[in-house]
There are 2 protein chains.
Amino acid sequence: MIVMKSLPLSYKKLLEKNKKLTLLGSVQGTMSWDMETMMPPRAVGLRSEQMALLSSIFHKSATSPEIGSLLAEVMKKGNFDMLGQIEKRNVELIKKSYDERTKIPTELVEKIAKQRAVSVNVWKKAKKKQDYSMFRPELEKNIDLSKKLAEILMKVKDAKSLYDALLDDYEPKITTDAIAKIFSKLQNELRVIISKCENSGIQVEEIKKSASIDAQKKIAGMLAEFAGYDITSDNAGGRIDETEHPFTQGYFDDVRITTHYYENNIFSSIFSTLHEMGHAIYEQNIDQKLKYQPVGSACSYGIHESQSRFLENMVGRSKEFWTFFLPNINSVTCLDLDMEKLLLYVNRVRPSKIRIEADEVTYGLHIITRFEIERDMFSGKLDACDLPNVWNSKYKEYLGLEIKNDSEGVMQDMHWASNLFGYFPSYALGNIYGGQMLGAMNKKFPNWKEDLSKGDLTKERIWIKKNIYDNCKIYDPADLIKKITGKPVSVEPFVNYLKKKFGAIYGF
Amino acid sequence: MIVMKSLPLSYKKLLEKNKKLTLLGSVQGTMSWDMETMMPPRAVGLRSEQMALLSSIFHKSATSPEIGSLLAEVMKKGNFDMLGQIEKRNVELIKKSYDERTKIPTELVEKIAKQRAVSVNVWKKAKKKQDYSMFRPELEKNIDLSKKLAEILMKVKDAKSLYDALLDDYEPKITTDAIAKIFSKLQNELRVIISKCENSGIQVEEIKKSASIDAQKKIAGMLAEFAGYDITSDNAGGRIDETEHPFTQGYFDDVRITTHYYENNIFSSIFSTLHEMGHAIYEQNIDQKLKYQPVGSACSYGIHESQSRFLENMVGRSKEFWTFFLPNINSVTCLDLDMEKLLLYVNRVRPSKIRIEADEVTYGLHIITRFEIERDMFSGKLDACDLPNVWNSKYKEYLGLEIKNDSEGVMQDMHWASNLFGYFPSYALGNIYGGQMLGAMNKKFPNWKEDLSKGDLTKERIWIKKNIYDNCKIYDPADLIKKITGKPVSVEPFVNYLKKKFGAIYGF
């Protein structure tokens with residue numbers, strides 16, 4: 001017989017408040033998605049007012065004194081002891097967010113929301129015109145607002161620096177120093193691999209890769225079927241739209257991705273679709289029992305990226321995946337692609353200018369560049385006016401490339417226009433976490449690649465759901481990695497994965 | 001020299017509150033649009049929770065005691081006298097809404113919002129399956145909730161009946177009795193015209209009307225250009241999507257329409273696009289100075305319909321419009337349509353089962369049917385279980401038609417699934433208002449049809465903007481009609497328009 005402990009009323013009320021906040025957050029999400037995909041251009045001003053209002057309502061609800069009283073009540077010893085691990089974590093997550101938010105003035109929240117909509121819009125136009133001077137005033141406002149926010153957060157979080165305070169929102173408990181250490185190791189290893197590839201003498205041939213947008217949409221549908229991302233059935237929980245910059249947005253039963261189809265390159269949409277679906281199936285497959293609870297969301301941005309980059313790269317650029325998937329492509333296009341040439345082509349290691357088109361090896365250097373610039377921006381060493389020069393010289397130094405204009409340089413990503421300072425490191429951390437998770441999966445399923453070559457990862461998906469999706473936000477990212485792999489965060493497994501894979505391709 | 005009276009602070013604060021409510025309402029609008037056009041089906045439950053929360057937030061803000069105090073302050077004699085006509089009207093509209101809303105419990109508002117999302121979803125499925133028994137339980141809940149709401153509104157509005165209370169939300173100050181009188185006159189007149197057409201001996205030939213969806217989308221774009229509904233420029237404020245049931249949704253800079261393309265019938269999307277664009281350009285062209293003010297919105301649902309049905313019918317089914325527009329259709333399709341046959345075909349008078357496909361003459365009978373049923377539902381004479389029989393017998397009696405299943409009968413429209421009881425009469429009132437406005441326009445521009453045959457209604461549009469759009473909600477609908485035409489609401493101008501037009505076509 002099991003005696004269920006009943007939960008204190010204050011806990012139930014607190015979670016009811018959290019449910020409303022979560023719903024409101026999901027409304028903001030859908031409105032953001034609409035802004036990027038569907039909204040008529042004239043509506044920018046209206047939308048920025050709508051978003052500011054929603055942010056302000058969210059902020060007021062999230063900082064209401066009622067939540068404070070409920071937190072005090074539920075954290076009394078007698079009450080708190082009645083809670084299980086997950087309930088305790090819920091309370092802690094609400095407390096963290098409440099403590100932080102109550103220090104942030106509503107006006108600042110509204111300003112940031114309003115400025116985001118305006119600044120993204122200007123960035124789009126400036127990028128089209130290759131005119132950084134057009135974007136700079138908006139970027140300056142963003143940096144200024146983010147600094148104001150970081151100053152407040154730094155105190156509440158007891159962080160050592162402004163940038164530390166920002167990083168914690170994306171990768172809880174990580175610090176600038178810890179990232180610098182990890183990235184320094186990563187950079188050294190990547191440079192070795194890149195130089196081995198460059199010196200291998202292997203020339204990668206261009207291949208045919210044009211197909212109609214219609215054919216590419218069919219391919220995206222097939223990829224969705226493979227990934228278990230339902231966009232067609234009567235119970236579909238997703239959809240694919242087009243934006244210049246692919247992204248994923250959603251919550252549980254409504255998780256949407258975007259991609260970009262280029263007629264002259266089917267691989268752009270193939271890999272971006274896989275990437276975004278990695279995000280989407282994570283969000284969709286979190287335990288429904290945890291819906292509307294703080295723990296019922298993704299662990300961190302880095303863990304999120306581990307999922308997207310696992311699907312995009314470790315799966316999507318593997319021989320086994322293409323063994324299974326290539327016939328699909330040949331069936332809806334006239335390409336008649338050759339397996340060996342294709343594999344070499346999609347795994348070509350070559351410094352390039354655009355992050356989202358970078359290969360698995362050089363990708364990390366794009367992130368390290370951004371990390372260093374953000375760190376120096378928030379320590380006061382760099383201002384918006386310095387960015388193009390610093391960007392270009394780092395691309396020269398790390399990747400050996402001449403950046404010709406700011407649209408292929410400092411303005412290529414939407415993050416800074418969207419006020420998402422502190423996000424970038426999560427991409428490289430995602431690769432690193434992914435390497436460690438892959439190690440654990442390899443142990444559990446030594447033959448998983450055989451399953452992949454049949455297009456059937458059912459068993460592996462159950463493992464991923466149990467270990468990653470269902471652990472959602474119950475742990476901080478470093479603890480989750482420890483739980484799954486038994487080890488602390490470490491660069492080696494990812495580097496070893498790269499060495500093994502690219503060593504085989506480039507013969508070193 | 002002009003001395004500007006400054007406005008009392010309480011007025012400014014009140015309007016600031018109203019701006020937030022308006023923005024929140026526009027968010028609800030976009031979320032509803034998304035639900036009908038883009039949302040993955042699995043998200044129905046999530047969306048119904050989101051909509052309920054938004055309704056509850058709206059309701060709480062709209063009934064906050066602060067608004068009550070500001071209203072009391074601004075209505076003090078010294079303050080109120082400082083206001084001009086528009087400001088006074090703003091205060092009165094806010095007061096009306098506040099007085100009504102403060103009587104409605106938040107729980108009822110949430111229930112209605114949640115139920116709407118669920119019920120629309122069930123209606124769609126039931127309609128597809130032709131299964132009224134599937135829809136009935138949801139409809140019963142809707143009727144029950146609407147009765148509860150109407151009971152409250154009846155007291156505040158000092159209305160004579162539940163249905164009167166509902167009608168006032170769509171057509172301010174109109175009553176069931178007034179509509180019954182107008183509709184009785186209309187019905188008699190329509191029957192005479194229908195019987196003359198039927199007895200004319202004129203047979204309308206079927207014409208070719210199939211075209212690819214792509215071609216139909218091009219036609220929709222051309223119609224948008226004609227109507228001044230911008231969906232393509234960098235400053236576009238609209239867009240066209242596809243839904244089974246066409247609708248318009250939006251506010252000022254973001255007004256979207258939907259249509260339905262049938263490959264075997266280009267006219268369905270042509271007339272529904274024109275209809276919805278009539279709504280859209282009304283919303284888009286209200287004086288920007290009045291944005292976020294209560295007066296800065298459409299006068300009533302009936303006046304709205306006068307605009308949509310003016311563009312769809314009085315313009316869209318006229319010889320002059322087709323003189324201008326037919327070459328466009330012949331240029332993007334292979335139809336090579338003949339002008340005379342086309343005109344006869346799109347003006348064919350013939351009782352039919354589906355309201356939105358009805359001709360200008362029989363249309364009114366569809367509305368009268370719905371009006372009578374709604375009236376009897378809310379007086380307690382009819383329950384949900386009676387509806388199919390009553391519907392079918394009225395269609396037999398008024399239109400001489402045998403309804404074969406409830407999907408072409410009582411379930412054809414979304415209104416009752418969406419809890420929009422009291423909306424239907426506005427469609428017929430729209431025709432009637434439209435007839436009166438046409439009369440006024442004919443006086444001002446006796447040669448406007450010549451302009452139309454050149455596809456250039458610039459002059460007429462300025463007149464419409466000045467008289468209808470810019471008068472927005474400054475007047476109640478009957479007063480607006482009086483202001484524009486100098487006369488009270490009257491059926492004659494519309495009936496005379498029909499007689500003249502169809503007399504010429506059918507030779508009576």
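**Strands, a helix and a loop in chain A**

In this predicted model, β1(A) and strand β3 (residues 254-259) of chain A run parallel as partners, with three bridges between them.

Reader: What makes β1(A) and β3(A) a pair?

Author: Two strands pair if DSSP finds at least two bridges between them, and β1(A) and β3(A) have three bridges, so they are called a pair. For A:Ile240, the bridge partner in β3(A) is A:Ile257.

Reader: Why are β1 and β2 (248-251) of chain A called edge strands?

Author: The open sheet has three strands in the order β1-β3-β2 (chain A), with mixed pairing, and β1 and β2 of chain A are edge strands because each pairs on one side only.

Reader: What makes the link between the side chains of A:Asp230 and A:Ser233 a polar contact?

Author: A:Asp230 sits in the loop between α10 and β1 of chain A, and its side chain is joined to that of A:Ser233 at 2.5 Å; a polar contact needs N or O atoms within 3.5 Å, one able to donate a hydrogen and the other to accept it, so this pair is called a polar contact.

Key: Residues numbered from 1 in each chain as written. Chains lettered and ligands numbered in written order. Predicted model: local features only at pLDDT ≥ 70, side-chain atom pairs only at ≥ 80, totals over all residues. Heavy atoms only, no water. Helix = DSSP H or I, 4+ residues; strand = E, 2+ residues; numbered from the N terminus.
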